[in-house]
Amino acid sequence: MSTACEEKGDSHINHNHNSNSDLGTPEPVAELDIKYTKLFINNEWCKSSSGRKMAVLNPATGECICEVEEGNAEDVDKAVSCARRAFQLGSLWRRMDASDRGLLLHRLADLVERDRLLLATMESVNSGKLFLMAYFVDLMASIKTLRYYAGWADKIQGKTIPWNFPLMMLVWKIAPALCCGNTVVLKPAEQTPLTALHMAKLILEAGFPPGVVNVVPGYGPTAGHAIAHHMDIDKVAFTGSTEVGKLVQKAAGKSNLKRVTLELGGKNPNIVFADADLEHAVQEAHHGLFFNQGQCCLAGSRVFVEEPIYDEFVRLSVEKALKRVLGNPLLANVDQGPQIDRKQYDKILELIESGRREGARLECGGVPWGQKGLYIQPTVFSEVTDDMRIAKEEIFGPVQLILKFKSMEEVIQRANHSQYGLAAGVFTTDINKALTVSSALQTGTVWVNCYNAVSVQAPFGGFKMSGSGRELGEYCLQDYTEVKTVTVKIPQKNS
């Protein structure tokens with residue numbers, strides 16, 4: 001396939017790594033040089049067909065980091081055509097031994113590990129997440145996921161990603177798809193395309209054949225719409241809001257009935273019984289909500305606390321929230337960075353105001369922080385009731401809601417009274433209570449005496465409006481394969 005032109009300049013990146021490895025504390029790349037800003041189609045860097053570009057902003061400062069090519073429906077068509085050719089019978093990718101696909105994934109994992117500091121710095125600058133969190137959580141999980149599915153590649157008989165965890169979600173999507181021998185067209189979130197484009201460079205360096213992985217940055221209503229409606233795409237994996245997930249599902253029905261897996265929103269209950277280890281429960285609930293500035297589908301945003309310990313739980317939670325350090329996410333002593341963009345920032349503040357109006361008690365925070373950047377002070381509400389907007393809508397921000405309950409039967413009913421069903425937490429020292437509640441909760445994942453304990457080996461996904469299908473684990477591979485029955489008549493049965 002003919003494309004515009006390759007990315008100009010030396011393809012070698014001088015990472016200028018400043019890792020303080022002797023002390024065990026990594027440091028971000030001092031001068032971030034963004035080299036990959038074009039579309040990646042058929043293993044070539046090319047300009048968008050429209051010639052348009054998208055500004056990529058740093059949410060901590062509001063400054064423009066760079067501009068990237070803005071893909072549209074025509075560019076998606078080109079990418080799909082290349083992916084289809086790469087998947088044809090007789091192609092290099094189809095003829096490749098499954099163990100060799102595994103070797104390519106292992107090689108890609110090695111390259112991600114090599115560029116770990118650079119990618120973590122890029123994630124932090126582009127999305128506002130803490131650099132150390134990106135380095136130790138997102139990058140580590142990405143490397144483990146690639147290696148896990150590399151191991152599956154020769155054991156099988158036989159994509160639109162969000163802005164809150166850009167690199168990790170990219171790997172969650174492409175690793176099982178490539179493991180099973182599929183080809184991929186990937187649209188990163190318009191807010192955070194940089195690590196996806198650098199990953200494209202690593203995919204090229206690892207030796208994947210042309211057309212196997214294609215990256216088309218663009219906006220949802222154009223590039224995303226084209227992917228969801230495309231007649232030559234067999235499967236779409238989408239992570240994002242429930243509202244957009246519905247549109248993707250509808251588009252699949254209106255086009256070619258393509259298979260769809262959706263990982264969507266959550267309003268996750270985190271239940272703390274009076275017999276729980278109080279300090280541990282407070283710490284886990286705090287981390288389970290404020291992790292990644294609250295921009296996490298798994299956030300334990302409805303903390304149900306049993307009445308006898310409610311007041312003390314609120315007091316300790318407020319103490320923790322007030323100790324959080326806000327600032328530049330690249331700095332090691334910072335606990336909380338900015339929200340991703342102005343739209344999300346305004347939505348969070350509007351929901352905080354609705355909580356005040358509806359009678360919840362604002363214990364701390366609730367207002368912007370700093371002179372620049374999209375920062376919101378850590379916020380804790382008590383005396384929250386189930387009918388309030390903040391108790392029903394996904395806030396996706398640093399806002400902890402603490403609700404009171406009296407009995408196990410009551411809290412099960414209230415926890416399940418939600419359109420979502422992604423995850424839940426249960427804190428208790430009574431194993432019978434833990435098992436009873438875990439069984440009764442209508443969520444895809446339940447953590448007992450812990451929170452956010454995600455493993456690449458364990459399937460992840462939701463019930464109800466939190467989506468369909470599963471990511472991770474062996475179970476995920478079913479969505480990237482088709483079952484075929486072949487019956488052969490033989491002259492004589494011999495066994």
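Tutor: Let us begin with one cysteine, C476, whose sulfur lies 7.6 Å from the closest cysteine sulfur, the one in C180, which is too far for a bond. Please keep in mind throughout that this is a predicted model.

Student: Is C476 buried or exposed?
Tutor: A residue is called buried when its relative accessible area is under 20%. The relative accessible area of C476 is 0%, so this cysteine counts as buried.

Student: What is the volume of the largest cavity?
Tutor: Rolling a probe the size of a water molecule over the atoms shows where empty space is left. In this model the largest cavity is lined by residues including C296, F396 and E394, and by class its lining has 6 nonpolar, 5 polar and 1 charged residues. The volume of the largest cavity is about 70 Å³.

Student: Which strand gives the largest share of the lining of the second largest cavity?
Tutor: The second largest cavity holds about 50 Å³ of space, and its lining has 2 nonpolar, 6 polar and 3 charged residues. Among the residues that line this cavity are T261, L262 and E263. The largest share of the lining, 3 residues, comes from residues 259-263, that is, strand 8.

Note on methods
Residues numbered from 1 in each chain as written. Predicted model: local features only at pLDDT ≥ 70, side-chain atom pairs only at ≥ 80, totals over all residues. Heavy atoms only, no water. 1 Å grid on protein atoms, 1.4 Å probe; cavity = no way out; pocket = protein on both sides within 12 Å on 5 of 7 lines; lining within 4 Å. Points joined across faces, edges and corners; volume = space filled by probe spheres on them. Nonpolar A, V, L, I, M, F, W, Y, C, P; charged D, E, K, R; others polar. Helix = DSSP H or I, 4+ residues; strand = E, 2+ residues; numbered from the N terminus. Disulfide = S-S within 2.5 Å. Buried < 20%, exposed > 50% of the residue type's maximum accessible area, 1.4 Å probe, protein only.
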